[in-house]
Amino acid sequence: MKISTKGRYALRLMLDLALNEDGRPVRIREIAKRQDISDKYLEQIISVLNKAGYVRSVRGPQGGYLLTREPEEYTAGMILRLTEGSMAPVDCIDLENRYCNHMEDCATSILWKRLNDAVSGVIDNTTLADLVDWQIAKNGDYTI
């Protein structure tokens, strides 16, 4: 399994919003500059996050984006699954796409399930608030 730039940038975008939100909307252009990511690419990602209700848009000269929830209420798994789709390492254990004639007799399915459980255990138990704490501990401030 490999996380694409879309998934990685979505996490960085959400982390940037959590770190830089002070009650005022954060502009995509500011995030793009801090993250050294194309603002056009971030606009595509923020659109997905906005449609899912993870962020909200504020229009006008002082406009930008705000988180719709507290950082503790988002998990890395929520954000990654929204932008990446299933995080299952193989289709046969993906709960939405599960179909395999060999599932009952295949020993490798045990490996894939254990791998899936391990990945899910990490991403579903790591919140945006954890990422904020880790970022501050790593840099001593809010910069990414």
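Begin by selecting Asp 117 and Lys 113, which are four residues apart in helix 5 (residues 108-123) and therefore separated by about one helical turn; helices here are DSSP runs of H or I with at least four residues, strands are runs of E with at least two, and both are numbered from the N terminus. The side chains of Asp 117 and Lys 113 meet in a salt bridge, at 2.9 Å from N to O, the term being used for a side-chain nitrogen of Lys or Arg within 4 Å of a carboxyl oxygen of Asp or Glu. Asp 117 is partly exposed at 42% relative accessible area, and Lys 113 is likewise partly exposed at 45%; buried means under 20% relative accessible area, exposed means over 50%, and partly exposed lies in between, with a 1.4 Å probe and protein chains only.

Before moving on, note that this is a predicted model, in which local features need pLDDT of at least 70 and side-chain atom pairs count only at pLDDT 80 or more, while totals for chains, interfaces and linings use all residues. Residues are numbered from 1 along each chain as its sequence is written, and side-chain values use heavy atoms, with hydrogens and water left out.

Now zoom out to the whole chain. The protein chain has six helices and two strands, arranged along the sequence as α-α-α-β-β-α-α-α. Its C-alpha atoms fill a box of roughly 60 × 30 × 25 Å along the principal axes, and 37% of the 144 residues count as buried.

How many salt bridges does a search of the whole structure find? The search finds five, and the next one to select is the pair Arg 34 and Asp 16, whose closest N and O atoms are 2.6 Å apart. Arg 34 belongs to helix 2 (residues 28-35) and Asp 16 to helix 1 (residues 5-20), so this pair ties together parts that are 18 residues apart in sequence. Arg 34 is partly exposed at 36% relative accessible area, whereas Asp 16 is buried at 1%.

Select Glu 30 and Arg 27 next, where another salt bridge has its closest N and O atoms 3.6 Å apart. Glu 30 is partly exposed, with a relative accessible area of 32%, and Arg 27 is partly exposed with 25%.

Then turn to the strands. Strand 1 (residues 55-58) and strand 2 (residues 64-67) run antiparallel and are joined by four bridges, where two strands pair if DSSP finds at least two bridges between them.

For the last stop, select Asp 133 in helix 6 (residues 128-139), which is partly exposed at 48% relative accessibility. Together with Glu 70, Glu 72 and Glu 73, Asp 133 forms a negative surface patch; such patches are made of residues with over 30% relative accessible area and no salt bridge, like charges being joined within 9 Å and nonpolar side chains (Val, Leu, Ile, Met, Phe, Trp, Tyr) within 5 Å.

How values were computed
Areas by Shrake-Rupley, 256 points an atom, 1.4 Å probe, with all protein chains shown as cover. Lys, Arg positive; Asp, Glu negative; His and termini not counted. Charge placed at Lys NZ, Arg CZ, Asp CG, Glu CD.
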